[in-house]
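Please keep the view open as you read.

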Amino acid sequence: MDDEELFIKLNTCFTAGYTVPQFCKDLGIKKPLFVTDNIDSIIKGQIFWEIYSQFCFDKFTKIKPCFSLTKNVLAIDLSVNCSIGPLIFSPFSSLNLKDYDKIFLLTLKKQDISINADIAYLDEFACTFFIRTYVEIPLLHFIQAHPKIKMFVMNYPVLSQNPENTEMEKQLLNGEIFGGFKLIHDIRKKIAESPNKKIKTPYDFLGYDNKTVYKLLEIVGAKTLPNGTTILPDNFDELINIRNGKRATAYQPKNYKNKIYFLGNCIYYGFGVPFDKTVESCLQKLLVENNFPYRVENESQFFNDRYQDLFYNLNNLPVQDGDIIFVCVHTLRTYGVPHLDLSDFFRRPHNYGEVFADQYHINELGHSALAKFFFRFLVKNNFFKDREFNYLAPPPPPRRYGIPQENFYGNSNFIDNKDLQNYKENLRKKRLKIGAIVMNCNPFTLGHKFLIEYAAAKVTKLYIFVVEEDKSEFKFADRLRLVESGVEEIPNVEVIPSGKFIISQKTFSGYFNKENLQDVAVDSSEDVEIFAREIAPTLGINIRFAGAEPEDTVTRQYNENMKNILPRYDIDFCEIPRREIDGEVISAKSVRAALKIRDFEKIAKLVPITTLEFLRNNYAHSTPPHLSVDDN
């Protein structure tokens, strides 16, 4: 990592509100010494100047730093371009290094200087500072907002030098195996270049052929949504299985008490491992086998140390009291959060077998071993019961730019943050509730009307989107007219066409072939995502309603997708029980079946008078062509 990249890290931390003086104060450092040998880093306004200026701006920490240059320069006047004033250097040779709590070596290489003192080198200092800003502080504030959540910070196992390493592990470390490749990413390229040749891979002993390995080693690029959340693009390959922006977890129960979330990088995503053999799937299987009512969710992404994305995703989780969260932060410098150091988890001796695919990634044997560890850890420490942590209180938002304490937002004399949060929560309750229902209405029934009346009573405004795609027995123009006439007495309802982006051939083609897809996993996530990301914000919709679906599996999967996706966009989802008559759920399917035999007596029980009159006027002596009874 070069100096410029480290400077950018320091600058972004400062922009986020966290300063080097505050960092020193948090670590209990009262007398820091900053040493450099590179005068260019000062004159050009890089790392050294950045740190010096932060101390000049901060009026509260009362820390007196010392700045030293190994070359013979005593002062540099920076007042030409700003009002900071001259930077005074103490001659390095005259300093008693024992007088300082910490010595930060900036732009110096480790071999350039030998000091018998507590030293932090530039890369260590900047990375620690970065993690403090973007990991520890956000974690503590998240925990404060969710005090009943049980959270652990962890890292991931790595392959390190060890006399007891196996021959395969030694070769992986030395890059002597698999064509000289050190990383398994490169093997995929080799397979693609020689599709008809057997390429040796670290998965051979597991029985995987090159075609399977090629699929497993696909590098999945993340998508960033407008709200900043990073998700994975869907991939329905039977080995990869990414749905609704996250990797699927096998063996998930339908009924559960709480969830266990894993957030991390490609290791916990399960790179190079089938979806049903990731640590999340293996843990879920153990939970089911031992009757623990927890559902495991793999929320990990395909990136490394992009903490901003990680915390965007953390803060968008629909967590509830009693949930458990494992967050992977590779550099363990957590403050007040329980952590698990797994870096040497596979350090030999052990009996897990050959678990490494390269120096950083593990195969399914490693994932299984980790899952057993997590399971034993949670059981042994009673984390499936009501055990709670006593987390440290998070620090207040950092003071910046010399703002007087009495005027600072985080000061309790100015405002109590808990009171503010309670006030904001009360304001949210006063928000106008604007709802939406998407309906095909083929034709409009009393069941549809019941759903609309129920939803309309819960909101200020209710939009009814009638599916515009002309793929149903009754034409769109007729269906739209029937809905409009059927709800005209409900004042807060507006009926509008769905257009080409809500349940259309473009966004959810499977909806129009439901009779052939009842035993198939159908993906409707794109349709739901477009609604949540594009349609709902346009109209201010913050709740979507749908009828419960006891029979149709395609519609039931669509409801499940809405339940999972909509909350990520701050949109509530409400599933309404269906209305019954004579013990039978009212459905358009029942109406079409009765219409096929001209049973208007039964139809009169199932539809509003406006729909009944339409059907009598148009189909008393004929039925719609090719009238089906398989579509709701």
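Strand S20 (residues 543–547), helix H17 (residues 553–565) and strand S21 make a right-handed β-α-β unit; right-handed here means that, with the strands pointing away from the viewer, the path from the first strand over the helix to the second runs clockwise. Helices (H or I, at least four residues) and strands (E, at least two) are DSSP runs, numbered from the N terminus. Before going further, note that this is a predicted model, in which local features need pLDDT of at least 70 and side-chain atom pairs count only at pLDDT 80 or more, while totals for chains, interfaces and linings use all residues. Residues are numbered from 1 along each chain as its sequence is written, and side-chain values use heavy atoms, with hydrogens and water left out.

Now look at the neighbours of S20. Five bridges join S20 to S21 (residues 572–576), and the two run parallel; strands count as paired if DSSP finds at least two bridges between them. Within this pairing, isoleucine 543 has aspartate 572 in S21 as its bridge partner. S20 also runs parallel to strand S17 (residues 434–439), joined to it by three bridges, and here alanine 436 stands opposite arginine 544.

How many of the residues of S20 are buried? Five of its five are, where buried means under 20% relative accessible area, exposed over 50%, and partly exposed in between (1.4 Å probe, protein chains only). Ile543, Phe545 and Gly547 are buried on one side of S20, and Arg544 and Ala546 on the other. Arginine 544 also lies over the face of phenylalanine 531, at 4.4 Å from the ring centre; the rule asks for NZ of Lys or CZ of Arg within 6 Å of the ring centre and within 35 degrees of the ring normal.

Phenylalanine 531 leads us to alanine 536, which touches Phe531, Ile541 and Ile571, not counting residues up to four places away in sequence; a contact means heavy atoms within 4.5 Å. Alanine 536 sits in helix H16 (residues 525–539) and counts as buried because its relative accessibility is 1%. Its C-alpha atom is 9.4 Å from that of tyrosine 569, 33 residues apart along the chain.

Next, the aromatic rings. Rings of Phe, Tyr and Trp (its six-membered ring) pair if their centres lie within 6.5 Å, and planes under 30 degrees apart count as stacked, over 60 as edge-to-face and the rest as tilted. The count comes to 32 aromatic pairs by this rule. In one of them, phenylalanine 326 and phenylalanine 374 have ring centres 4.8 Å apart and planes at 55°, so the pair is tilted. Phenylalanine 326 belongs to strand S15 (residues 324–328) and phenylalanine 374 to helix H12 (residues 364–380), 48 residues apart. Both of these phenylalanines are buried. Phenylalanine 345 and phenylalanine 373 make an edge-to-face pair, 5.4 Å centre to centre with 65° between the planes. Phenylalanine 345 lies in the loop between strand S16 (339–340) and H12, and phenylalanine 373 in H12, so this pair ties together parts that are 28 residues apart in sequence. Ring pairs link a cluster including Phe326, Phe345, Phe373 and Phe374.

Finally, step back to the whole chain. The protein has 20 helices and 23 strands, and 52% of its 632 residues count as buried. Among contacts between residues at least 6 apart in sequence, 72% join residues at least 24 apart.
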